[in-house]
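Here is a short report on one chain. Look over the sequence and the fold first, then read on.

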Amino acid sequence: MIRRDKSRKPRKKISQIFGDKLDNLDYKDVATLRHFISERGKILPRRVTGACAKHQRNINLAVKRARAIALLPFSAD
């Protein structure tokens with residue numbers, strides 16, 4: 001059985017939105033949105049992106065809007 005050293009704490013993830021100081025995430029900015037979707041086209045969860053709940057909701061809304069006007073795919077081929 002592998003034991004972890006309890007004195008070491010895992011590093012807190014910093015959201016790319018928070019790190020880049022992006023106030024509003026635009027659905028037309030496809031290059032930024034690609035960081036938040038997997039290679040299969042799925043939206044990455046908060047625990048992977050490190051985003052807070054407020055930013056994750058903004059990410060979801062922007063990705064869904066970009067998908068609706070065909071800037072991002074709904075799924076990978």
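## Terms and model

A residue counts as exposed when its relative accessible area is over 50%, as buried when that area is under 20%, and as partly exposed in between. These cut-offs sort the residues discussed below. The model is predicted.

Confidence averages a pLDDT of 84 over the chain. A score of at least 70 is reached by 79% of the residues. Among the elements, helix H4 has the highest mean pLDDT, 93. Helix H1 (residues 16-20) has the lowest, 64. Where pLDDT is low, the predicted coordinates should not be read in detail.

## Overall layout

The chain has four helices and zero strands. Along the sequence the pattern reads α-α-α-α. The chain holds 77 residues, and 25% of them are buried.

The chain exposes about 6700 Å². Carbon and sulfur atoms supply 51% of that area. Take the contacts between residues at least 6 apart in sequence: 53% of them join residues at least 24 apart.

## The nonpolar core

The largest nonpolar core has 11 residues in all: Leu25, Val30, Leu33, Phe36, Ile37, Ala51, Ile59, Ala62, Val63, Ala66 and Leu72. Helix H2 (30-33) and helix H4 each supply at least two of its residues. H4 gives the most, with four residues.

Leu33 belongs to this core. Set aside residues up to four places away in sequence, and Leu33 touches Leu25, Asp26, Tyr27, Ala62, Val63, Ala66 and Leu72.

Leu25 is another member of the core. Leu25 sits in the loop between H1 and H2. Its relative accessibility is 17%, so Leu25 counts as buried. Asn58 is 33 residues away from Leu25 along the chain, yet their C-alpha atoms are separated by 6.8 Å.

His55 is part of helix H4. Is His55 buried or exposed? His55 is buried, because its relative accessible area is 17% and the cut-off for buried is under 20%. His55 and Leu25 are 30 residues apart in sequence. In space, 8.7 Å separates them, C-alpha to C-alpha.

## Thr49 at helix H3

Thr49 is found in helix H3, which spans residues 46-49. Thr49 has a relative accessible area of 11%, so this residue is buried. Which backbone atom does the side chain of Thr49 reach? The side chain reaches the backbone nitrogen of Ala51, at 3.3 Å. Ala51 is itself one of the core residues.

## Lys64 on helix H4

Lys64 lies in helix H4. At 52% relative accessibility, Lys64 counts as exposed. That value passes the cut-off, because exposed means over 50%. Phe74 is 10 residues from Lys64 in sequence. Their C-alpha atoms are 8.7 Å apart in space.

## After helix H4

Helix H4 covers residues 53-68, and Ala70 lies in the segment after it. Ala70 has a phi near 65°, a positive value in a residue other than glycine. Most residues other than glycine have a negative phi. Why does Ala70 count as exposed? Its relative accessibility is 66%, and exposed means over 50%, so Ala70 falls in that class.

Ala76 also lies in the segment after H4. Ala76 is partly exposed, because its relative accessible area is 36%, between the two cut-offs. Ala76 and Lys42 are 34 residues apart in sequence. Their C-alpha atoms are 8.9 Å apart in space. Leaving aside neighbours within four places in sequence, Ala76 is in contact with Glu39 and Arg40.

Terms used: Residues are numbered from 1 along each chain as its sequence is written. This is a predicted model: local features need pLDDT of at least 70, side-chain atom pairs count only at pLDDT 80 or more; totals for chains, interfaces and linings use all residues. Side-chain values use heavy atoms; hydrogens and water are left out. Buried means under 20% relative accessible area, exposed over 50%, partly exposed in between (1.4 Å probe, protein chains only). A polar contact is a pair of N or O atoms within 3.5 Å; within protein, one must be able to donate a hydrogen and the other to accept it, and residues adjacent in sequence count only if both atoms are side-chain atoms. A nonpolar core is a set of buried Ala, Val, Leu, Ile, Met, Phe, Trp, Tyr and Cys residues joined through side-chain atoms within 4.5 Å. Contact means heavy atoms within 4.5 Å. Accessible areas come from the Shrake-Rupley method with a 1.4 Å probe; for residues, only the protein chains shown count as cover. pLDDT is the predictor's confidence in each residue, from 0 to 100.
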